[in-house]
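Could you load the model in your viewer and keep the selection tool at hand? We will go from stop to stop, picking out parts and saying what is there.

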Amino acid sequence: MLDVHSLSFTYPPLYAGESITSVLREITFSVAPGGALAVLGPNGSGKSTLCHVLAGLTPRYTGGGATGRVTVAGGDVLASPPPVGVVGALFQDAAAQLFNHNVEHEVAWGLEALGVPTAQIGPQVMAALERFGLAALRHRPPWALSGGQQKRLALATLWAMQPRVLLLDEPLGGLDLAGQQEVQEALTGLRQSGTGVLLTTLEASTAGYASQAALLNAGKLSPPFPSAALANQSELIEAGIAYPPYLWPDFGAAQFQPGPPALELVDLSFHYPGEQVALHNIDLTIPRGQFVALIGPNGAGKSTLIRHFNGLLRPTQGRVRLLGQDTAGRRVGELARSVSYLFQRPEQQFFAATVRDEVAYGPTQLRLPDARARVAAALARFALTPYAALPPAILSYGAQRAVALAALAALDTPVLALDEPTVGLDGRGRAQLLEWLVARRAAGVTLVVVTHEMALAARADRVIALDAGRIIADGAPEVILPHCGRGEAA
Amino acid sequence: MSYELDPYVPGDSWLHRLDPRVKLWGVVVGCFTAFWLRDLWWMLVLLGLIHLLFAWARLPWRKLRELWQQMALLVLLILLLQPLFRPEGEVLLAWGAVRLTTGGLYGGALIALRALSLAFILALLLLTTAQPSLVRALVRLGLPYTWGVGISLTLRFVPAIYALFVAVREAQAARGWQPDGHPLRRARGYLPVLVAVIIGTLRLSDQLTLALAARGFGDARPRTVWHDLRMRGSDWLGLALLSLILTVVFSR
């Protein structure tokens, strides 16, 4: 079904002085009909490039040079693009592959390309949307969906076309547990009808979905081995892919003493103009120095809630008090002295010419006296000093996430709100992030972290579960998390 | 996350259901009529009829008010300037070279009403027709499919690029950007945003190329269309009525 023999790929240099980058070296493997291979590798190891080459997109549309042989369902994809419907490719950034006006047309587009008779398109679209739990959202524009919903929609568009080979770049990253289960069931159905699957991941648990696994490191792929062998994770840790919870530093939950309120939300309700209510009468007080994990399914209102902390959103009703002061009438730029916010996809919001300028932006804007020292320290902490003079846009995903964190570290505010900070991070990136969080916490910083990772939520002082814009559970992790195993609050 | 730049108001009125090709013909007929009419009272009748169509299509009054507000300045300028530049007929007021005449006033009112009619006719089309079906109509009327895709994607990515702009502004605000009183420094603050948006737009278009190719755009296989346009009895009736109106208007 999928035969790769001695595949190598190189990119031309991105900036003056960089040598030609060899992304894939002599890769050989195959996937049988109905089979599945999990490719594990750290950020920047070439996982996405591999998927793009197999899909016939790279180097055809991106440049670069490929040698070797890639046979997909009998066709040589390096020579000519695979016919429509043979290959389905899920991009790492699923939102980037959605281009229609609404959800149902997004799914129908591929069926139209396949030439499916008009009368059958409607039923097939609905089947795909129901399969991925999106039927109720079918008239919404794709860009108005949450990140997890966008990924499920991208998968639904592929599933509807029933491809012979599926290439999935981190298919479960950023999905809630219910979504992960839906996706796995849908994939199993496709495999039973003979589709071969290649998926990339950072997680041993996701790799377990495939019977075979292989490690990709610095462009070299290990010979495939049974994925069950990944159980003790030692190879993944060594390769910088995994960073399992038993290695994590201690967050010091036992020593936490609640201080005066850092954040108070009083009877807060919010809706976007002309849309349904997104948050209902939220009452919440977070004391200074507390580490709060905010959990809940995709679209529950988690991001909407923390966007109120620094005034990016203003309550339709109710108030927000930050460090004892009402935020009403104060600008976002002013609140930035007290709270910093990690956006969900910060790598898309870079605006500075160099990594150093990006990190220095906050301290310069706020005219902090020791700006230079702060920037130097933040760059060093996230191992970015060697990249300081490069534009952030050309760095690898992991390094870009590090830039986003360094930009917050340089501000060093008493409150930190992070929206899904671990998504897509490999072991090294996670270690960097968690060590920084532990240090912030020791310094008395209030942490509010939106996450789907139960292991991270378990380290918090307090877990708040949100569903459909309401707080449905609030308490110590050992009390809340046992009830969140499946679906409703995961 | 609401970046709605599409004027379409979803609904189920007869005007919403009317085939977009007939609506396009309606725009043509309406525009010809507005240009053909030379009588102030008939122009008023036309504008009145268009307002009736707004009500009949059950469009919110808010939309009509917005349109009037947007057109107000233009209408005011026409009413003020036209009589000055086209002094014809009886002189009502003379102030040096500036003369206010009956003919000038009449002409100004006529052009103002014409501008209003054209704007409202076009608004009727855009308010009651979803962009994809409008593009579909153009393709069915002979526009090449790839051009249609181009138009659709442009319309689709205008909000995406605006969202990018908002996201970068938010990132800056969240890290301490505050509006500066000085307009020059303020304008300079927008420069990095502009650069970021241009880079982001290039990235979007690269990704779009890949997304389209990955789903089989450009494949030789003939495409089918899910909701293709089909002329029903009411559409033919609409087409006939509009054509009749055009004939009557021209024969006057």
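The tour below goes through domains, helix pairs, a cavity and a pocket.

**Before you start**

This is a predicted model, so note the rules: local features need pLDDT of at least 70 and side-chain atom pairs count only at pLDDT 80 or more, while totals for chains, interfaces and linings use all residues. Residues are numbered from 1 along each chain as its sequence is written, chains are lettered from A and ligands numbered from 1 in the order in which they are written, and side-chain values use heavy atoms, with hydrogens and water left out.

**Stop 1: the domains**

Colour chain A by its two ranges, domain 1 (2–244) and domain 2 (247–489); the bounds come from an automatic or database domain assignment. Taken over C-alpha atoms, the centres of these two domains of chain A are separated by 30 Å. Now show the contacts (heavy atoms within 4.5 Å): 28 residues of domain 1 of chain A touch 30 residues of domain 2 of chain A.

Next, colour chain B, where domain 1 takes in 14–136 + 231–251 and domain 2 covers 144–214. Here the C-alpha centres of the two domains of chain B lie 35 Å apart.

**Stop 2: two helix pairs**

Helices (H or I, at least four residues) and strands (E, at least two) are DSSP runs, numbered from the N terminus. Axes are lines fitted to C-alpha atoms, for helices over the stretch in contact, and angles run from 0 to 180 degrees between N-to-C directions.

Select residues 147–161 and 177–192 of chain A, which are helix 4 and helix 5. Show side chains for A:Arg152, A:Leu155 and A:Trp159 of helix 4, which meet residues of helix 5 including A:Glu182, A:Val183 and A:Leu190.

In chain B, select helix 2 and helix 5, whose axes are 9 Å apart at an angle of about 175 degrees. That pair in chain B is therefore roughly antiparallel. Among the residues that meet are B:Leu24, B:Val27 and B:Phe35 from helix 2, and B:Leu118, B:Ile121 and B:Leu125 from helix 5. This contact divides into 9 nonpolar, 3 polar and 2 charged residues (Ala, Val, Leu, Ile, Met, Phe, Trp, Tyr, Cys and Pro are nonpolar, Asp, Glu, Lys and Arg charged, the others, Gly among them, polar).

**Stop 3: the largest cavity**

On a 1 Å grid over the protein atoms alone, a cavity is a set of points where a 1.4 Å probe fits but cannot get out; a pocket is an open set with protein on both sides within 12 Å along at least five of seven lines, and lining residues have an atom within 4 Å of a point. Points are joined across faces, edges and corners, and a volume is the space filled by probe spheres set on them.

How much space lies in the largest cavity? About 100 Å³. Its lining includes A:Tyr341, A:Phe343, A:Leu408, B:Ala171 and B:Arg175. Helix 12 of chain A gives the largest share, 3 residues.

**Stop 4: the second largest pocket**

Finish at the second largest pocket, with a volume of about 1100 Å³. Of its 35 lining residues, select B:Trp14, B:Leu53, B:Leu241, B:Leu242 and B:Ile245, which lie nearest its centre. Helix 9 of chain B provides the largest share of this lining, 9 residues. By class, the pocket lining has 24 nonpolar, 6 polar and 5 charged residues.

Definitions and conventions
Angles under 35 degrees count as roughly parallel, over 145 as roughly antiparallel, 65 to 115 as roughly perpendicular and the rest as oblique.
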